[in-house]
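Hello,

Here is the structure I promised to pass on. Please open it alongside this note; my findings follow below.

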Amino acid sequence: MSVIIRLNRSSLCAHHTSLKTAHRTILNNRDWRPGHFIPKTDEEIAAVAKKYNMIPEDYKPLDPKHSGGDMPDITPVQYVDRSPWEDWDYPNTRQHYNEPKHRYEGVRWDRYRIYYDPNKLPYKPWQKPFLLMVLPATFYIIHCLFGDIKWPYYPSFDPQRVEENAVHYTFEKPTAESREILR
Amino acid sequence: MGLGYSIDRYRHPEKYPNIEAGPTFDPLYGFPEGRKTKTSPYTPEEMARLSIPLDHRDYCAHYYRAIMLCYAEYQPRAYRYCNPEKHAYHECLKEDRLDVIKEHERERRLRLRRIRKDEKENREKRMVELNDRLALENEHQSNDI
């Protein structure tokens, strides 16, 4: 049984050592599985574009190095770049029903990965290494330079140490015992 | 201690105690009956023999010694076993530290008192000089007339 399943599995899986469960499910589903060959003629392109819910003019096949079969090459549009005023089927993700998607489009927790543009980042490219390395280094250097300084503790003198020939007093009246010790 | 205190301490160092120098006045000045002396639990030689760290060779060294012994007894699970000893040590340290703070306050007040006395003496001296000068001028004027 396992042999049959392995034969029925898409050869697209062969080049990917670790695929996400969702991708694996899609590729192993006969209804959702992409075609093996890139369409050449206009008729084939029209059929494939209809399969992917696109118009033939928009359809571009994926680069064969991705081993995606006849899947379309889609330029991903970031969530923040989609218009919030459009009547989306899924306003939460700003997507339409049966819309062709980039394979990383659904990664909502890493939206900046799609269409990475450093000009749109909340920080400058040099700020990250600065925060990660330069600031801690400066703090460490300051600590090394000024860490051993004995800061004065107001309002007080240095703590009294028991040494030879050092007499310290309290603010109480002397008792008979303390007088004897003094003698 | 705010910034005003720090600036004033920098501009008038004679008004405030010098922490590095320690108390400068006679410890028995103003105590006609004398003062009670602090008694150390160990002599310096005993502390060296008991291997008490240099930072802890003060008037609470016996409490610190108790903590050392407790830790040696209950290792490796001495956590929270020696809390009574630690508490006693900190209470002792508090009282010991309070005397030093009182010494600081005494030093500060005596310094201000010394400044006040000096000012009073100077003022009297200046008044005497001024009166002499005025008397001389009056004499000259009367002679001219």
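pLDDT is the predictor's confidence in each residue, from 0 to 100. You will need that here, as this is a predicted model.

**Confidence in chain A**

Over residues 1-18 of chain A, pLDDT stays under 50. For that stretch the model has 11 contacts beyond four places in sequence. Where pLDDT is low, the predicted coordinates should not be read in detail. Helix α1 of chain A, residues 2-8, has the lowest mean pLDDT among the elements of that chain, at 45. The highest belongs to helix α3 of chain A, residues 42-51, with a mean of 94. Chain A as a whole has a mean pLDDT of 79. Of its residues, 77% reach 70 or more.

**The two chains**

Chain A has 5 helices and 0 strands. Its elements run α-α-α-α-α from the N terminus on. Of its 183 residues, 5% count as buried. Take the contacts in chain A between residues at least 6 apart in sequence: 37% of them join residues at least 24 apart.

Chain B has 4 helices and 0 strands. From the N terminus on, the order is α-α-α-α. Chain B has 145 residues, and 10% of them count as buried. For contacts in chain B with a separation of 6 or more, residues 24 or more positions apart account for 45%.

**Where the chains meet**

How many residues of chain A are in contact with chain B? The count is 24, and they meet 27 residues of chain B. By class, the chain A side of this contact divides into 12 nonpolar, 6 polar and 6 charged residues.

One residue to look at here is B:P44. B:P44 lies in helix α2 of chain B, residues 44-49. Leaving out residues up to four places away in sequence, B:P44 touches A:V162, A:E163 and A:E164. B:P44 is partly exposed, with 15 other C-beta atoms within 10 Å. Within its own chain, B:P44 is 14 residues along from B:D58, and their C-alpha atoms are separated by 9.6 Å.

**A helix pair in chain B**

Next, look at helix α3 (residues 61-74) and helix α4 (residues 83-144) of chain B. They pack at an angle of about 165°, with their axes 9 Å apart. Angles over 145 degrees count as roughly antiparallel. α3(B) and α4(B) are therefore roughly antiparallel to each other. Their crossing is left-handed.

Which residues make the contact? From α3(B) come B:Y63, B:Y64, B:A66, B:I67 and B:C70. They meet B:E85, B:K86, B:A88, B:Y89 and B:C92 in α4(B). By class, this contact has 8 nonpolar, no polar and 2 charged residues.

**B:C70**

B:C70 sits in helix α3 of chain B and takes part in the contact with α4(B). B:C70 and B:C82 are 12 residues apart in sequence and 6.1 Å apart in space, C-alpha to C-alpha.

Best wishes

Terms used. Residues are numbered from 1 along each chain as its sequence is written. Chains are lettered from A and ligands numbered from 1 in the order in which they are written. This is a predicted model: local features need pLDDT of at least 70, side-chain atom pairs count only at pLDDT 80 or more; totals for chains, interfaces and linings use all residues. Two residues are in contact if their C-beta atoms, placed from the backbone, lie within 7 Å. Ala, Val, Leu, Ile, Met, Phe, Trp, Tyr, Cys and Pro count as nonpolar, Asp, Glu, Lys and Arg as charged, and the others, Gly among them, as polar. Axes are lines fitted to C-alpha atoms, for helices over the stretch in contact, and angles run from 0 to 180 degrees between N-to-C directions. Helices (H or I, at least four residues) and strands (E, at least two) are DSSP runs, numbered from the N terminus. Angles under 35 degrees count as roughly parallel, over 145 as roughly antiparallel, 65 to 115 as roughly perpendicular and the rest as oblique. A crossing is left-handed if the near helix is turned anticlockwise from the far one by less than a right angle, and right-handed if clockwise. A residue is buried if 20 or more other C-beta atoms lie within 10 Å of its own, exposed if 12 or fewer, and partly exposed in between; C-beta atoms are placed from the backbone.
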